[in-house]
Amino acid sequence: MKPITCRKCDKGLVKVHGQVCYACRLEEIENNAPDEDATDEEIVSYYTKQRALLGCRECEDKNFGYEAGMKIENGLKYYIMFVQCVKPECNAQYMDLLEIREMRLRDVGIEESE
Ligand SMILES: [Zn+2]
Ligand SMILES: [Zn+2]
């Protein structure tokens with residue numbers, strides 16, 4: 001049986017016809033990396049998609065539970081994600097620091113002037 005290749009790059013192998021391979025999916029996500037003006041939701045959503053694709057950092061299983069959020073400390077915003085791997089052999093639990101950004105004036109409700 002002929003191996004099935006990615007519909008985008010035609011090189012990466014996939015399980016089902018019409019799928020996009022891992023490298024292409026990762027590239028697609030990276031292309032949408034949050035910029036300076038990204039909202040907290042956009043940042044969290046970007047990293048959860050990225051991490052979901054990369055899988056558990058212990059066993060690389062894609063099937064894990066997570067809770068992502070943000071905490072503010074000393075004028076910095078820490079985007080974090082708590083991961084709980086559901087694979088019984090792994091069962092890893094860890095906190096993943098996604099990104100640190102400086103607080104902006106609009107974060108405290110003040111509009112920045114041009
Ligand atoms: Zn591909
Ligand atoms: Zn795991």
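Two residues are in contact here if their C-beta atoms, placed from the backbone, lie within 7 Å. With that in hand, welcome to this predicted model. Its protein chain has two helices and three strands, and the order of these elements from the N terminus is α-α-β-β-β. Here is a short tour, from the whole chain down to single residues.

**The chain as a whole**

- The radius of gyration of the protein chain is 18 Å, whereas a compact globule of 114 residues would have one near 13 Å.
- Along the principal axes, the C-alpha atoms of the protein chain fill a box of roughly 60 × 40 × 15 Å.
- Buried residues make up 8% of the 114 residues in the protein chain.
- If you take the contacts between residues at least 6 apart in sequence, 33% of them join residues at least 24 apart.

- The three strands form an open sheet in the order 1-2-3, with antiparallel pairing.
- Strand 1 (64-73) and strand 3 stand at the edges of this sheet, and because each has a single partner strand, one side of each is left without a neighbour in the sheet.
- Neighbouring strands of the sheet are turned by 20° against each other on average, direction ignored.
- Strand 1 and strand 2 are joined in the antiparallel sense by 10 bridges.
- Strand 2 (residues 76-85) and strand 3 also run antiparallel, with nine bridges between them.

**Strand 3 and Gln93**

- Is strand 3 buried or in the open? None of its 10 residues is buried, so strand 3 lies largely in the open.
- Gln93 belongs to strand 3, which spans residues 93-102.
- Gln93 has 12 other C-beta atoms within 10 Å, and a residue is exposed if that number is 12 or fewer, so Gln93 counts as exposed.
- Which residues does Gln93 contact, leaving aside its neighbours within four places in sequence? They are Val83 and Gln84.
- Gln93 and Tyr78 are 15 residues apart along the chain, and 19 Å separate their C-alpha atoms.

**Leu76 in strand 2**

- Leu76 is part of strand 2 and has bridge partners to look for on both neighbouring strands: Leu76 is the partner of Glu73 in one pair, and Leu76 stands opposite Glu102 of strand 3 in another.
- Apart from neighbours within four places in sequence, Leu76 is in contact with Ile100, Arg101, Glu102 and Met103.
- Leu76 counts as exposed, because 11 C-beta neighbours lie inside 10 Å.
- The C-alpha atoms of Leu76 and Asp35 are separated by 17 Å, and these residues are 41 apart along the chain.

**Two residues with positive phi**

- Asn74 sits in the loop between strand 1 and strand 2.
- The hairpin of strand 1 and strand 2 has two residues between the strands, and Asn74 takes a positive phi near 50° in this hairpin.
- That phi is a positive value in a residue other than glycine.
- Asn74 has 6 C-beta neighbours inside 10 Å and so counts as exposed.
- Asp10 is not a glycine, yet Asp10 has a positive phi of about 65°.
- With 9 C-beta neighbours inside 10 Å, Asp10 counts as exposed.

Notes. Residues numbered from 1 in each chain as written. Chains lettered and ligands numbered in written order. Predicted model: local features only at pLDDT ≥ 70, side-chain atom pairs only at ≥ 80, totals over all residues. Helix = DSSP H or I, 4+ residues; strand = E, 2+ residues; numbered from the N terminus. Buried ≥ 20, exposed ≤ 12 C-beta atoms within 10 Å, placed from the backbone. Rg over C-alpha atoms; globule rule 2.2 N^0.38 Å. Pairing = 2+ DSSP bridges. Axes fitted to C-alpha atoms, helices over the stretch in contact; angles between N-to-C directions.
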